[in-house]
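Today I look up how two chains meet.

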Amino acid sequence: MCLAIPARLVEYVDEDRMYGKVELGGVQRRINTSLLVGEDATEHGEYVLVHVGFALSRVSEIEAAETLRILEAMGAAYTDEVEQIREWQSAEEELVGADSRERDGMPA
Amino acid sequence: MKFADEFRDADIARALGARIAAESGGRHWKIMEVCGGHTHTIFKYGIEDLLPSNVELVHGPGCPVCVIPMGRLDDGIAVAHQPGVIFTCFGDLMRVPGSEGSLLDARAAGADVRMVYSPLDALKIAQQNPDKRVVFYAIGFETTAPSTALTLMRAKAEGIRNLFVFCNHVTIIPPMKAILDSPDLQLDGFLGPGHVSTVVGIRPFEFVTNTYRKPVVVVGFEPLDILQGVHMIIEQIREGRCEVENQYRRVVHDDGNPRALEVLARVFQLRSHFEWRGLGFISQSALELRDEFAAYDAEKVFSVPGVRVADPKACQCGEVLKGVLKPWECKVFGTACTPETPIGTCMVSSEGACAAYYNFGRYSRARERERVLASGERAVGNGHADGNGNGTIAEHEVRPIPVRAR
């Protein structure tokens, strides 16, 4: 019900921009675009969020890229940290041997 | 699909899960996802499997089909049976059981019940059938209500007089408040409803941070959105912050969509009270048509029984909707109540927690998770016991899952 999906706005079908055509999974569908005003004003080729036949808002390419950048950085930072721990562990292993590691209760 | 696939990256999801595990240690977290759309994503993509077992997602009341009480559905079915009526509704609603059968049963018995994708389809049917009275059974939160409003405005502008709306539109803030006021459930924070927020913005949730001191993060509907939202809530609490944050910036503006709010205000007004399944009557929690649109109001034009009907005794949807009961803890889950033969609403809608558990096979995992939680030996940190005797998880259970290098 509250499910809404991003779709590419192909064109507006009237001068007042009340209706438009979006492409969704290779199919074109006519939707109501009258809510796309102000910050949500959308041009051809941009993406909108479609819900029960209405475009609810514009999908911002810039904001999407920014969120992805943060997510990728978070993922990378964590992967790097795990990598560092691994390197540190293997260095430790070389120094004191695997026995003490087990005794300290660290995961093998 | 653009703006969807990028937010489903498995490696980043695993890394986020591991990061949450590393940073959430020492206590049991309970975070409610308010919206049924989130519940759907969580089960579809197995988000719970990526989270450590001490981070629990509690499923909230934001499933529009689930919260409709049985009496309200009976009223709709009574309208569908009246002569000369074409009854239209979203597909989710067709199999919801009323006290004497569902809308599908009504159709089998001869009523003209049609499934529509959009309220605009109902308008079209009304135009094509001028000798019939076309009723649209409107459900949904603030996400969907503007669509009904715009449809009615267009019907009025075009002089179409044979379209009627049976309005069950509800608002999200009152049930959130009811849950926060309930002693049954102690939550740490909320994943805010992303698509409701495209309309209302993020400011209406400030009462949760100001009055109840719980963080809210409005999140999108892809797996990475949810995981990032969970991380943001945990980060807020760890840093001693309590704010409404917007993770779903690509779609949600802090002030919402002013045009949508304007059409809502033009067509609807708040009802004095409305009955919610599981939550009972909540004042000013739903919308009704303004007097200017009275001629389109199915409740005023048609006579309906208007009787309050209690849920079947075996049904525990109410407790599930409040997040007090896990779907599999319901006595009839998966036995007497299945998506094919549902007893309660939560098993019908794709956004219902029970249907999600059932359809995506998370049932056994959920049991296992519960077992792990229950077996926590040492209570650590400032976690809390819930009503089911499950104490705080022991620290040693909190282990980051292995991360594969990208």
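Ground rules. I am working with a predicted model, where local features need pLDDT of at least 70, side-chain atom pairs count only at pLDDT 80 or more, and totals for chains, interfaces and linings use all residues. Residues are numbered from 1 along each chain as its sequence is written, and chains are lettered from A and ligands numbered from 1 in the order in which they are written.

Chain B. I found 16 helices and 13 strands here (DSSP runs, H or I of at least four residues for helices and E of at least two for strands, numbered from the N terminus). Of its 406 residues, 53% are buried (20 or more other C-beta atoms within 10 Å of a residue's own, C-beta atoms being placed from the backbone).

The interface. I looked up the contacts (C-beta atoms, placed from the backbone, within 7 Å): 34 residues of chain A touch 49 of chain B. On the chain A side, β4 (47-51), β5 (54-59) and α1 each supply at least two residues, and α1(A) gives the largest share, twelve residues.

The helix pair. Next I checked α1 of chain A (residues 61-96) against α1 of chain B (residues 10-23): their axes come within 8 Å and cross at roughly 65° (lines fitted to C-alpha atoms over the stretch in contact, with angles from 0 to 180 degrees between N-to-C directions). Among the residues making this contact, I noted A:L71, A:G75 and A:Y78 from α1(A), and B:I12, B:A15 and B:R19 from α1(B).

Technical notes
Two residues are in contact if their C-beta atoms, placed from the backbone, lie within 7 Å. A residue is buried if 20 or more other C-beta atoms lie within 10 Å of its own, exposed if 12 or fewer, and partly exposed in between; C-beta atoms are placed from the backbone.
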